[in-house]
Amino acid sequence: MNPAEFARAIQFQGFSPVTLPSQGEPEHWEWQDTFLPEHDSGFKTLLAPLQAIPKLSTFAMAALINFAVRQMPSQQCFLNIGTWYGYSFLAGIIGNPTKICIGVDNFSNDIVSTLNLRLPPSDPEPHFRAWFDQQRSPMHAFFKLEFRDYFELFHQNMPIGVYFYDADHAYAAQYEGLALAHPCLAPGAWILVDDINEEGPYRATLDFLQDHRNQYTLAFEQKTCCNGHPSFWNGLMLLQKQC
Ligand SMILES: C[S@@+](CC[C@H](N)C(=O)[O-])C[C@H]1O[C@@H](n2cnc3c(N)ncnc32)[C@H](O)[C@@H]1O
């Protein structure tokens, strides 16, 4: 099973990505009412520490990241641009101590939302660093940098096997986040694109696909009926680089 097949096979009890849950407690929707196609209880136990971390994501997306990193060949790396409090990055590193995982964030964003996303008021960096230090192995690294500087100064020749750009989602930045990674992505690499309910990331990703015809396949696309949805939050796409 590859990551796109895994994403397609995730099931939700009482709701779907395009319908809202009509009953049950919000705390249950992601962890109890989401069923993974493989090792459901194993993932829930492994990833339980994530429940303490503020997030703009879901358990389904964390499990998908963990699954993709687990499958990644050992000489490749997981690169997450935009870690914030660490939810998506720690989803990749937990249980994957032998995989190379790199997080990048310049902690520039004051995340504000008109939605009731229960966003925390405090500074994410010290919280991120404490959680990262708890979970990391020597194969895991973090760079406090602007993502363009990271690619220019630090990334060098490391082939990327799993890539999640989750920083500035304005069209130009999202496109640049994909374009800068492109030469470093290994054949067969997986790219996660979230927030595709929004026009900027969606258009930028479609344009990137169009501009790199025959080099990537769109392997999974699921919009959600609202932001903050317990399935795939604000929509998710998976691209795979061709061999
Ligand atoms: C949406 S949050 C990331 C959420 C995180 N992936 C999660 O799962 O909770 C976006 C993050 O991108 C970072 N960011 C925004 N612009 C950036 C840039 N130009 N370079 C590096 N990081 C940036 C912000 O500081 C913020 O922490």
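Me: Which loop does Gln-156 lie in?
Reply: This is a predicted model, where local features need pLDDT of at least 70 and side-chain atom pairs count only at pLDDT 80 or more, while totals for chains, interfaces and linings use all residues. Residues are numbered from 1 along each chain as its sequence is written. Helices (H or I, at least four residues) and strands (E, at least two) are DSSP runs, numbered from the N terminus. Going by those, Gln-156 sits in the loop between α7 and β6 (160-165).

Me: Okay, and what's the phi of Gln-156?
Reply: Most residues other than glycine have a negative phi. Gln-156, which comes after α7, isn't a glycine, yet its phi is positive, about 55°.

Me: Is Gln-156 buried or exposed?
Reply: You count C-beta atoms, placed from the backbone: 20 or more others within 10 Å of a residue's own makes it buried, 12 or fewer makes it exposed, and in between is partly exposed. Gln-156 has 7 other C-beta atoms within 10 Å, so it's exposed.

Me: Which residues of helix α7 are buried?
Reply: Helix α7 covers residues 147-155. The face turned away from its buried side carries the exposed residues Asp-149, Glu-152 and Leu-153. The buried ones are Phe-147, Tyr-150 and Phe-151.

Me: What covers the buried residues of α7?
Reply: Some of the cover comes from strands, including β3 (77-81), β4 (100-104) and β5 (140-143). A helix is also among the elements that cover them, namely α8 (171-181).

Me: Where is Phe-107 found?
Reply: Phe-107 has a positive phi near 50° and isn't a glycine. It has 12 C-beta neighbours inside 10 Å, so it counts as exposed. You'll find Phe-107 in the loop between β4 and α6 (124-135).

Me: Which residues does Pro-124 touch, not counting those up to four places away in sequence?
Reply: Pro-124 is in helix α6, and it's partly exposed because it has 18 C-beta neighbours inside 10 Å. Two residues are in contact if their C-beta atoms, placed from the backbone, lie within 7 Å. Leaving out residues up to four places away in sequence, Pro-124 touches Trp-84, Tyr-85 and Phe-107.

Me: How far apart in space are Glu-30 and Ala-60?
Reply: Glu-30 belongs to helix α2 (residues 26-31). With 23 C-beta neighbours inside 10 Å, Glu-30 is buried, and its contacts beyond four places in sequence are Thr-58, Phe-59 and Pro-230. Glu-30 and Ala-60 are 30 residues apart in sequence, but C-alpha to C-alpha the gap is 7.2 Å.

Me: What should the 13 residues of helix α4 span?
Reply: Helix α4 runs over residues 59-71, and 11 of its 13 residues are buried. The expected span is 1.5 Å times one less than the number of residues.

Me: How many bridges join strand β7 to β9?
Reply: Two strands pair if DSSP finds at least two bridges between them. β7 (residues 185-194) runs antiparallel to β9, and Leu-192 stands opposite Leu-238 in β9. The number of bridges joining β7 to β9 is 5.

Me: Which residue in β9 stands opposite Gln-222?
Reply: Strand β8 (residues 216-222) pairs with β9 in the antiparallel sense, over 6 bridges. β9 (residues 236-241) is mostly covered, with 5 of its 6 residues buried. Opposite Gln-222 stands Leu-236.

Me: How many charged residues does the shell around the ligand have?
Reply: A residue is near a molecule or strand if its C-beta atom, placed from the backbone, lies within 6 Å of it. There are 20 residues surrounding the ligand, the closest being Gly-82, Trp-84, Ser-88, Asn-109 and Ala-167. Ala, Val, Leu, Ile, Met, Phe, Trp, Tyr, Cys and Pro count as nonpolar, Asp, Glu, Lys and Arg as charged, and the others, Gly among them, as polar. The shell has 8 nonpolar and 7 polar residues, and the number of charged ones is 5.
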